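This briefing goes through one protein model topic by topic. Please keep the sequence and the structure open while reading.

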Amino acid sequence: QFDVTIITKDDPLKTNSDSAVATWYAPDDTRLFLQQLCLDSLQCFDELSKIAGSGVQRIPIIYFFKNQEDFEKSRWARESWKKLLQISDKLPDSFLKNDTFTKAVSAYIPQIDINIYRPFMLKKFENLGGKLRINKINSFLELTDNADILINCAGWEAKYLVPDDDV
């Protein structure tokens, strides 16, 4: 078990991300590690979708392909993905009434309502003993005496926290 403190310059429930809605997606990528992370996150979101008030639900989405061959090459054609995402190619013909796409499938993917999900996850974090500290820091050096391990999740603002022009 670890004592975990999230240090953030802004209240995480009052940032511009509150207006966002996220959907689960797995990019076309041959790296097995990335594919596994996507599948692992799908399982986590599935579990969350069963919890009332989590802000996660499954929604239908349609993927279009230029032809059957493009579909067969895609990850969406894999039997394991078909089952996990409830993929079906039984769609009305009206979806394919153009010259660009000749194949379409529907899938059920997680949608995350950030306005519900973030407070839900913050409460879960705090219930597990996690602490939130709203405090702007100017350098990671400010934290080295207080923590055994630092995990940088600063994103693009990391460039302000380290003396490295390449960040």
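**Largest pocket and overview**

The largest pocket has a volume of about 1300 Å³. On a 1 Å grid over the protein atoms alone, a pocket is an open set of points where a 1.4 Å probe fits, with protein on both sides within 12 Å along at least five of seven lines, and lining residues have an atom within 4 Å of a point. The volume is the space filled by probe spheres set on the points, with grid points joined across faces, edges and corners.

The model is predicted: local features need pLDDT of at least 70, side-chain atom pairs count only at pLDDT 80 or more, and totals for chains, interfaces and linings use all residues. Residues are numbered from 1 along each chain as its sequence is written, and side-chain values use heavy atoms, with hydrogens and water left out.

- The lining of the largest pocket holds 33 residues, and Thr5, Ile6, Ile7, Thr8 and Ile151 are the closest to the pocket centre.
- Strands β1 (5-8) and β5 (131-134) each supply at least two residues of this lining, and β1 gives the most, with four residues.
- By residue type, the lining divides into 18 nonpolar, seven polar and eight charged; here Ala, Val, Leu, Ile, Met, Phe, Trp, Tyr, Cys and Pro count as nonpolar, Asp, Glu, Lys and Arg as charged, and the others, Gly among them, as polar.

**Overall fold**

- The protein chain has four helices and five strands, in the order β-β-α-β-α-α-β-α-β along the sequence.
- The radius of gyration of the protein chain is 21 Å, well over the 15 Å that the globule rule gives for 167 residues, so the chain is more spread out than a compact globule.
- That radius is taken over C-alpha atoms, and the globule rule is 2.2 Å times the number of residues to the power 0.38.
- Helices (H or I, at least four residues) and strands (E, at least two) are DSSP runs, numbered from the N terminus.
- Along the principal axes, the C-alpha atoms of the protein chain fill a box of roughly 60 × 40 × 30 Å.
- Buried residues make up 26% of the 167 residues in the protein chain; buried means under 20% relative accessible area, exposed over 50%, and partly exposed in between (1.4 Å probe, protein chains only).

**Aromatic pairs**

- The whole structure contains eight aromatic pairs; rings of Phe, Tyr and Trp (its six-membered ring) pair if their centres lie within 6.5 Å, and planes under 30 degrees apart count as stacked, over 60 as edge-to-face and the rest as tilted.
- Phe45 and Tyr117 form a tilted pair, 6.1 Å centre to centre with 50° between the planes.
- Phe45 lies in helix α1 (residues 32-49) and Tyr117 in helix α4 (residues 114-127), so the pair ties together parts that are 72 residues apart in sequence.
- Phe45 is buried, with a relative accessible area of 17%, and Tyr117 is buried at 18%.
- The rings of Tyr63 and Trp76 have centres 4.3 Å apart and planes at 20°, so this pair is stacked.
- Tyr63 is in strand β3 (residues 56-65) and Trp76 in the loop between α2 (68-73) and α3 (79-84), 13 residues apart.
- Tyr63 and Trp76 are buried.
- Ring pairs link Tyr63 and Trp76 with Trp24, Tyr25 and Trp81 into a cluster.

**Charges over rings**

- The charged end of Arg75 sits over the ring of Tyr25, 5.4 Å from its centre; the criterion is NZ of Lys or CZ of Arg within 6 Å of the ring centre and within 35 degrees of the ring normal.
- The charged end of Lys103 sits over the ring of Phe71, 4.8 Å from its centre.

**Individual residues**

- Most residues other than glycine have a negative phi.
- Gln86 has a positive phi of about 50° although it is not a glycine.
- Gln86 is in the loop between α3 and β4 (103-113) and is partly exposed, with a relative accessible area of 49%.
- Cys38, in helix α1, counts as buried at 9% relative accessibility.
- Cys38 and Trp24 are 14 residues apart in sequence and 8.4 Å apart in space, C-alpha to C-alpha.
- Ile116 lies in helix α4 and counts as partly exposed at 38% relative accessibility.
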